Amino acid sequence: MDHEVEFGWFIPTTGDGKYIGVPPERESTSAYMIEVAQAAERAGFTFALIPTGGNCIDAWIVGSTIASHTKTLKPLVAMRPGLIAPVLAARMAASLDYVSGGRALINVVTGGSPGDLTATGDPLAHAHDERYERTREFLQIVKQVWTNAQGKTAKFLAGNQTYADTEKVHFHGKYYDIEGGASFPAPVQQPHPPLYFGGSSPAGKRTAAETADVYLLWAEPLDWISGQIAELEQLRAELKRDQGLDRQLRYGLRAQVLVRETEEEAWREAWDIISRVDREALEYSGQRFTQTDATNQKRQNELRELSRSNDYVLAPNLWAGLSIVRGGGSMLLVGTPEQVSDRLLEYVDLGISSFVLSGYPNLEESQYTGELLLPLVKRKLAERKQLRAAAGSTV
């Protein structure tokens with residue numbers, strides 16, 4: 001099924017700057033993050049990913065802040081099963097959706113670094129597959145609370161909120177026991193704010209197939225992405241066959257991007273990003289990467305090693321150089337507007353309809369990307385749509 005292609009940007013909540021592997025040049029003040037969000041909105045991005053983790057400013061606080069200083073940009077905030085109770089999470093998300101006028105997007109983050117999960121008190125910090133099992137219970141409760149809140153008006157008695165008109169959620173599972181779960185307000189978006197979901201392990205993919213609206217992948221070569229989408233489509237087919245559950249699922253791609261007028265300038269700028277990395281930063285990153293239990297990070301590690309002898313070039317305009325020090329979605333699409341737009345369209349042809357992009361520094365790169373890349377990609381997509389429509393009218 002064809003989906004409209006959406007483009008999102010990134011809000012830096014751990015500092016920002018031109019170089020990685022060194023202390024950030026810019027502090028993530030509220031003023032700076034608002035400036036990045038407003039620049040992304042002007043550039044034509046429709047949403048913005050707000051990262052989560054022990055070194056990040058809280059995504060919910062940042063999401064509320066940027067929503068109040070933008071008109072159309074949708075904050076994509078992290079909901080973390082195991083670190084927050086499901087009914088409370090549902091209320092927070094519905095409240096953000098309400099106060100933003102229906103702009104909340106939810107990024108379901110099941111894992112994270114074992115150190116961060118341990119520090120936040122997650123009893124399943126070292127139980128990878130169980131965390132996904134818990135996430136399924138968590139989202140079952142969250143969705144039911146949202147559904148029951150639709151169209152309901154809470155009554156207020158003596159200053160205390162009750163839910164007399166709302167059907168309560170009672171749930172007794174392996175990880176959660178809920179008696180009389182309810183939420184106010186109801187989400188603005190129907191049936192609920194979209195759920196974005198990442199996780200490349202078998203457990204993660206099955207959970208995504210059962211629960212998510214958008215399955216996010218980190219940028220990889222085309223054949224790797226095609227293989228992952230095929231696995232999700234097989235899981236969707238099994239759900240339909242075994243449970244009669246015919247769920248729609250969109251696919252998203254998280255990538256870094258660097259676009260310049262000439263290819264030479266783009267590659268020069270790309271190498272410059274890692275030009276100040278020192279040995280201490282490399283050693284620390286190497287240790288951190290080997291300690292992960294996240295399958296998607298292990299895949300990024302493998303790509304880095306596969307490309308090391310080729311100056312980290314993985315495929316046309318796809319570069320793994322940032323991954324020597326940056327974890328997460330670190331693969332960089334680099335080149336001219338024509339080149340990078342063609343690479344994005346190749347991912348669209350595989351089924352990707354949501355792109356989460358970022359660059360260093362995020363303020364200026366959102367402007368470059370908005371001026372040089374987005375208009376060209378959108379024009380090419382519109383031309384494709386017109387050709388399909390013309391071909392259909394002649395059948």
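User: Which side chain does the side chain of D16 make a polar contact with?
Analyst: The side chain of D16 makes a polar contact with the side chain of Y32, at 2.7 Å; a polar contact here is a pair of N or O atoms within 3.5 Å, where within protein one must be able to donate a hydrogen and the other to accept it, and residues adjacent in sequence count only if both atoms are side-chain atoms. This is a predicted model, in which local features need pLDDT of at least 70 and side-chain atom pairs count only at pLDDT 80 or more, while totals for chains, interfaces and linings use all residues. Residues are numbered from 1 along each chain as its sequence is written, and side-chain values use heavy atoms, with hydrogens and water left out.

User: Where does D16 lie?
Analyst: D16 lies in the loop between β1 (6-10) and α1 (30-43); helices (H or I, at least four residues) and strands (E, at least two) are DSSP runs, numbered from the N terminus. Leaving out residues up to four places away in sequence, D16 touches, among others, R26, Y32, Y360 and N362, where contact means heavy atoms within 4.5 Å.

User: Is N362 buried or exposed?
Analyst: N362 counts as buried because its relative accessibility is 3%, and its place is in helix α12 (residues 362-393). The C-alpha atoms of N362 and P12 are separated by 7.1 Å, although these residues are 350 residues apart along the chain.

User: Switching to α2, which of its residues are buried?
Analyst: In helix α2 (residues 59-67) the buried residues are A59, W60, V62, G63, I66 and A67. They cover an arc of only 160° around the axis, which puts them on the same side of α2; the arc is that of the directions from the helix axis to the C-beta atoms.

User: What do they pack against, and what caps the N-terminal end?
Analyst: The buried residues of α2 pack against α1, β3 (74-79), α3 (86-99) and β4 (105-108). D58 caps the N-terminal end of α2, with a side-chain oxygen 3.0 Å from the backbone nitrogen of W60.

User: How many salt bridges are there?
Analyst: The count comes to 25 salt bridges. One of them joins the side chains of R299 and E220 (2.7 Å, N to O). R299 lies in helix α10 (residues 295-307) and E220 in the loop between β10 (214-218) and α7 (222-243), so the pair ties together parts that are 79 residues apart in sequence. R299 and E220 are both buried.

User: What about E365, which residue does it meet in a salt bridge?
Analyst: E365 meets R260, at 2.8 Å from N to O. Since E365 lies in helix α12 and R260 in the loop between β11 (250-259) and α8 (263-273), the pair ties together parts that are 105 residues apart in sequence. Both E365 and R260 are buried.

User: Which residues are joined into one network?
Analyst: Salt bridges that share partners join R136, R206, E210 and E238 into one network.

Technical notes: Buried < 20%, exposed > 50% of the residue type's maximum accessible area, 1.4 Å probe, protein only. Salt bridge = Lys/Arg side-chain N within 4 Å of Asp/Glu carboxyl O.
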